[in-house]
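This report describes selected features of a multi-chain model.

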Amino acid sequence: MTANESAQGPGMKFFVAVWIGLMCIVGIEVIVTYRHLPARDLLVWLLLLAFLEAAIAVWYFMHLKYERAALVWSLLPAFIFVVFMMDHVWPDAFRVATMRLLAQ
Amino acid sequence: MSEAAAHPPVHHHTAPTGFIRKYVFSVDHKVIGLQYYGLALLAVFIGMVLSWLMRLHLGWATLPIPGLEKLSPAGAPGNVMTPEYYLSLMTMHGTIMVFFVLTTAPFAGFGNYFLPIQVGAADMAFPRMNMMSFWVTFAAFLVLMAAFFVPGGPPLSGWTAYAPLSAVGQEAGPGQGMGQTLWAVSIAIFCVGQLLGSLNFIATTLDLRTKGMSLARLPFSTWAWFITSVIGLLAFAVLLPACILLFLDRVAGTSFFIPSGLVVSDRMMPHNGGSPLLWQHLFWFFGHPEVYIAILPAIGIISHILPAFLRKPLLGPRVLISCIAGIGFLSYMVWGHHMFVSGMNPFSALLFSVPTLVITIPATIATLLWIGSVYGSRLRFTTASLFCLGFISVFITGGISGFFLAQPSIDTYLHATYFVVAHFHFVMAVAAIFGMFAGTYFWMPKMIGRMMNETLGKIHFWLTFVGVYCIFMPMHYLGLAGNIRRYAAFTDDYLVPLIPTHQFITIAALATGAAQLIFFYNLVWTRFRGPKAPDNPWEATSLEWSTTSPPPFDNFGGRQMVVHHDAYLYGVEGAAADYVMQTSPEAVKSPS
Amino acid sequence: MSDMEMSAGAGGHAGVMEESPFAIPSGKLAMWCFVLSDAVTFSAVLFAYGYLRVGSADWSTPFQFVPSVLNGLVMTFVLLTSGLTMLAAVEAAKAGRTAAGTRWLWATCALGALFAGMHLMEWRHMIEEGWRMFQNPLGGSVHFGAAFFSITGLHLLHVLGGVVALAVIALGFPSGKYNRIDVEITGIYWHFVDLVWMFVFPLVYLMNAK
Amino acid sequence: MGKAFGAVLVVITLISTAFFVFHGQLYWLPEDASAHGHGIDHQLMETMLGSGFLFVLSQIVLGLFVWQAAGRKEGWKPKTFPGGPKPMVIAAIVLVGVEILTLSFVGSKVWAAVYLAPASPQALHIDVQAGQFAFYFRYAGADGQFGGLHPDKIDEGSGNFFGLDPRNDVAARDDVVVASLTIPVNRPILLTLHSKDVIHSFYVRELRIHQDIVPGLMIPMHFTATRTGKFEIVCTQLCGLGHYQMKAYLEVLPEDQFDQWLKQQEAQQ
């Protein structure tokens with residue numbers, strides 16, 4: 001795939017539609033926030049929406065959709081892997097809460 | 001119009017003439033490579049001198065070291081080193097060696113010089129960015145050196161700068177004031193430099209390969225540098241914010257790494273609710289990949305050099321490359337093994353120990369491939385090949401002790417003892433340095449156009465090889481005896497009997513260090529007196545040997561190289577010589 | 001290291017050079033790599049924020065809908081819109097409509113500056129309320145200020161950098177000093193800044209809404 | 001040159017190994033004094049044998065091949081290793097794979113026994129505070145209650161190392177604070193470790209216990225001493241200029257002598 005193909009994107013109309021979609025997701029995020037869910041549920045919701053939003057942005061706004069699959073398969077797994085590994089800090093984060101030295 | 005046409009990848013800038021543009025702010029990757037190499041030489045010399053001072057102090061704690069008072073009146077009153085100054089020197093030794101030697105020489109130095117040549121490019125993808133990456137790194141070095149001369153002296157919290165010792169400021173001791181701040185700044189700057197470098201390496205490897213240089217035909221060294229840059233891209237990206245947060249804790253009064261209610265030297269700290277373990281996680285998330293950033297280029301370099309002297313290809317080149325990549329991949333899953341007894345959740349310890357042990361598999365495969373390649377060869381014994389063999393030996397020795405430290409249960413006893421010091425010096429420091437030496441003796445003819453003195457080289461090798469075993473092997477025994485590292489002196493009842501061993505190590509260290517002076521002399525002698533080097537002194541096959549020594553400004557004198565073969569066609573049947581250059585059109589069936 | 005395995009085997013024999021496995025200009029590849037690395041940087045900071053929040057019993061959630069969340073909402077709107085104008089610039093540049101492309105670049109630049117301005121206003125407002133990196137006027141965990149100012153500050157730096165970059169490109173684009181690929185590359189960066197905000201807004205603003 | 005390398009390598013290997021085999025008292029772990037220690041020692045021994053074998057084997061084979069490679073005449077036709085890379089890969093995966101599997105299975109058990117098993121309810125609870133550059137130990141006293149900690153009240157001068165508040169805090173009044181740890185033999189001990197300033201570490205070679213003391217955390221650590229004696233507690237986590245001097249003694253006494261000792265201490269408070 002070369003520039004010629006990636007040059008003929010879907011055109012602005014489509015991007016405007018995507019943009020509206022993104023704004024809607026942000027709207028949903030705010031609505032969810034004021035449902036006053038417990039923090040954990042809220043976090044889950046917001047993260048899901050944020051990742052959806054980010055995915056759309058990467059896919060269309062950053063034109064990843066119009067690049068070679070090789071690029072997608074190089075960047076995304078690397079990032080997902082790193083974030084997955086970073087999650088190994090949580091057990092200690094909770095330790096801070098449960099084993100806190102009772103000092104004032 | 002195609003993208004390639006829109007952005008011609010080969011940079012047709014003409015050779016600069018002025019001294020500044022030619023040798024100082026040069027965009028030529030070869031000059032930058034030499035600059036990195038020079039920086040590493042300077043750094044390694046400083047780091048080595050520091051280790052001499054440390055070893056002297058460990059052997060004879062009250063021994064006056066002439067002139068030390070000049071360097072630091074407070075740190076060495078009457079030329080006798082104070083414990084805190086010992087820690088400062090140790091911290092600087094670690095930081096300088098890990099960042100400015102082990103990362104700079106095998107990766108940035110040789111990588112900058114040879115990666116573009118080995119892929120057949122005229123220069124890096126982004127020459128200006130390349131220049132920037134060096135000067136940023138150099139700035140980082142200057143900032144770190146400045147720590148020697150600020151009040152309080154250099155930081156004393158080790159190269160890992162564990163918070164809160166590194167975060168609470170000078171209450172925690174001299175050097176924890178200005179010195180530690182400079183440390184954080186220096187490392188943050190260093191990260192930026194390495195990120196720029198990594199971007200350049202990746203783009204160059206993927207985009208600037210000359211015709212016929214498919215990824216499968218890249219030399220091992222190029223593969224290693226490429227994989228290392230990918231690791232660096234993700235690892236330094238974590239250290240950078242970590243250093244920024246540490247900096248904020250120190251100057252902006254935040255408490256990222258500082259918990260509530262600390263009383264340091266009878267003063268209540270204003271900080272609140274931070275977590276020291278958070279620093280350790282951020283640091284080691286970078287820190288473990290960093291170990292591989294140091295060692296993988298060395299692995300690539302010796303894998304590149306060995307065939308030229310074995311006169312036959314290595315066993316299973318694809319397997320070897322997969323091993324390098326596999327090690328790089330695993331390096332992100334194991335950082336917790338530095339934190340087994342750190343107060344980390346004990347479940348995580350089990351989780352981290354398994355991939356740590358698994359790393360030994362690709363490492364073992366690589367080692368066996370090297371050993372198996374030596375079998376049935378008629379080895380040409382040059383200094384370069386000797387250092388390659390030495391590398392294999394120390395890599396095995398250092399790797400083996402990994403078996404112990406990878407297990408939380410055994411680490412319970414061995415953690416923070418000299419066993420650990422022995423382990424990482426063998427597998428990371430000495431191995432990477434051997435790779436650097438091998439590269440130097442192998443490539444210096446190409447880099448400065450003169451042959452190095454083989455006799456001096458061989459003397460250097462023997463003294464170094466035996467020397468490092470005399471220094472680091474006994475540290476295993478000390479570790480088993482429970483000898484704690486990072487002690488300025490040994491006053492505990494059970495440590496006192498071990499002091500003679502430390503004195504032996506000190507003597508070995510001084511001798512081995514002295515042997516390095518032969519190397520420095522050899523370099524200088526070669527630069528000015530060495531005999532002119534032919535274009536291909538080792539009868540090697542890869543692209544750097546298809547050009548003049550040293551290569552012209554655009555590497556191949558305006559020629560666009562075309563590659564026809566794999567990188568290591570040695571001992572080829574029915575070929576004109578016993579080897580076939582990558583660029584030779586001669587049609588041969590590659591030996592399996 | 002999935003990247004290498006993917007790209008291995010790629011590369012035909014056309015032209016004087018091997019084709020890049022991704023078939024994109026080096027500049028674009030480098031920007032993608034930078035985006036990857038910068039994404040990791042932001043993740044690290046956000047993880048630190050989460051880590052400290054999990055470990056703090058007395059976390060304070062001070063943001064009222066008016067002004068803070070609403071303000072954040074408007075800022076989000078501005079930034080997303082700037083993303084749209086950036087796309088317009090890229091499209092125009094690709095189609096060779098230089099003048100239009102330049103206009104859109106300036107529009108993006110302006111929106112970016114507006115975002116930064118609003119952000120600084122908000123900072124001022126919070127600082128007046130007594131928020132500091134080391135101080136919490138509500139008496140809760142001090143990490144709120146630290147997390148808020150460092151995360152949004154890091155993002156703000158990226159925005160300002162982007163605004164400058166956009167201005168430079170917009171100045172050089174008509175004269176042909178920069179071509180459409182440079183515009184695209186700037187676009188990738190700008191959208192990334194946008195994308196980071198898509199996490200900062202929910203995690204830093206909404207998660208701390210009263 | 002090559003023969004020399006082969007020879008030197010073998011010599012180095014043999015000498016290095018000799019020190020591991022004939023280590024004597026100096027270069028080896030002290031005799032284990034804890035209930036869980038034998039597991040660790042056993043694990044260490046297993047690893048020592050397995051990896052020692054690999055070490056000697058690989059070094060000597062390398063030396064041998066290099067030695068052979070040196071003796072060959074001009075025009076020698078290189079031979080490839082029989083079977084090429086496959087045997088290498090298989091050998092590595094099988095040999096090392098088996099070793100690490102067994103090691104991690106057995107090792108995990110040992111680790112779990114020390115760090116994941118809960119302390120026995122009868123365990124004698126001792127509170128430990130580390131600071132630059134000393135350890136202090138606290139026994140609950142007659143009421144079996146520890147007084148609360150008040151960092152702001154910490155005052156080395158008046159000997160209030162823990163920051164106790166006996167005036168307002170009844171539980172704190174009979175707390176026994178000492179500078180060296182004394183414990184009864186064969187009785188489970190539960191330590192709660194905390195630090196007043198930076199990270200320290202609690203390491204007793206004979207007891208095979210090692211735990212960093214992280215400021216802000218209260219980290220439990222339990223063990224049972226199986227023989228009487230006087231051991232050294234040392235700090236293994238770089239904690240500042242006095243790091244190398246930071247130590248305390250641990251004395252393991254017979255039950256009766258311990259009770260006696262504790263009574264004396266309580267009387268002195």
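Chain C has six helices and zero strands, where helices (H or I, at least four residues) and strands (E, at least two) are DSSP runs numbered from the N terminus. The order along the sequence is α-α-α-α-α-α. The C-alpha trace of chain C spans about 65 × 40 × 20 Å along its principal axes. Of the 210 residues in chain C, 57% are buried; a residue is buried if 20 or more other C-beta atoms lie within 10 Å of its own, exposed if 12 or fewer, and partly exposed in between, with C-beta atoms placed from the backbone. Among the contacts in chain C with a separation of 6 or more, 75% join residues 24 or more positions apart; two residues are in contact if their C-beta atoms, placed from the backbone, lie within 7 Å.

The model is predicted: local features need pLDDT of at least 70 and side-chain atom pairs count only at pLDDT 80 or more, whereas totals for chains, interfaces and linings use all residues. Residues are numbered from 1 along each chain as its sequence is written, while chains are lettered from A and ligands numbered from 1 in the order in which they are written.

**The sheet of chain D**

Chain D contains an open sheet of five strands in the order β3-β2-β1-β5-β8, with mixed pairing; two strands pair if DSSP finds at least two bridges between them. The edges are formed by β3 (176–178) and β8 (219–224) of chain D, each with a single partner strand, so one side of each has no neighbour in the sheet. From one strand to the next, the twist averages 25 degrees, with axes being lines fitted to C-alpha atoms and angles running from 0 to 180 degrees between N-to-C directions. Strands β1 (residues 124–131) and β5 (residues 188–195) of chain D pair in the parallel sense over seven bridges. One of the bridge partners in β5(D) is D:Ile189, which faces D:Leu124 in this pairing.

**Contacts between chains**

Five pairs of chains are in contact, and chains B and D share the most contacts. Chain C and chain D, by contrast, do not touch, and their nearest C-alpha atoms are 11 Å apart.

The contact between chains B and D takes 87 residues from chain D and 90 residues from chain B. On the side of chain D that touches chain B, at least two residues come from each of α1 (2–21), α2 (37–70), α3 (85–116), β7 (209–213) and β9 (229–234). The most, 18 residues, is given by α3(D). By class, that side of chain D has 50 nonpolar, 26 polar and 11 charged residues; Ala, Val, Leu, Ile, Met, Phe, Trp, Tyr, Cys and Pro count as nonpolar, Asp, Glu, Lys and Arg as charged, and the others, Gly among them, as polar.

D:Phe65 lies in helix α2 of chain D, and B:Leu218 is found in the loop between α8 (178–207) and α9 (220–251) of chain B. The table lists their C-beta neighbours.

| Residue | Other C-beta atoms within 10 Å |
|---|---|
| B:Leu218 | 24 C-beta atoms |

Leaving aside neighbours within four places in sequence, D:Phe65 is in contact with B:Ile371, B:Val374 and B:Tyr375. D:Phe65 and D:Lys3, 62 residues apart in sequence, are 9.7 Å apart from C-alpha to C-alpha.

With the same exclusion of neighbours within four places in sequence, B:Leu218 is in contact with B:Val119, B:Met213, B:Trp223 and B:Ala567. The C-alpha atoms of B:Leu218 and B:Gln118 are separated by 7.5 Å, although these residues are 100 residues apart along the chain.
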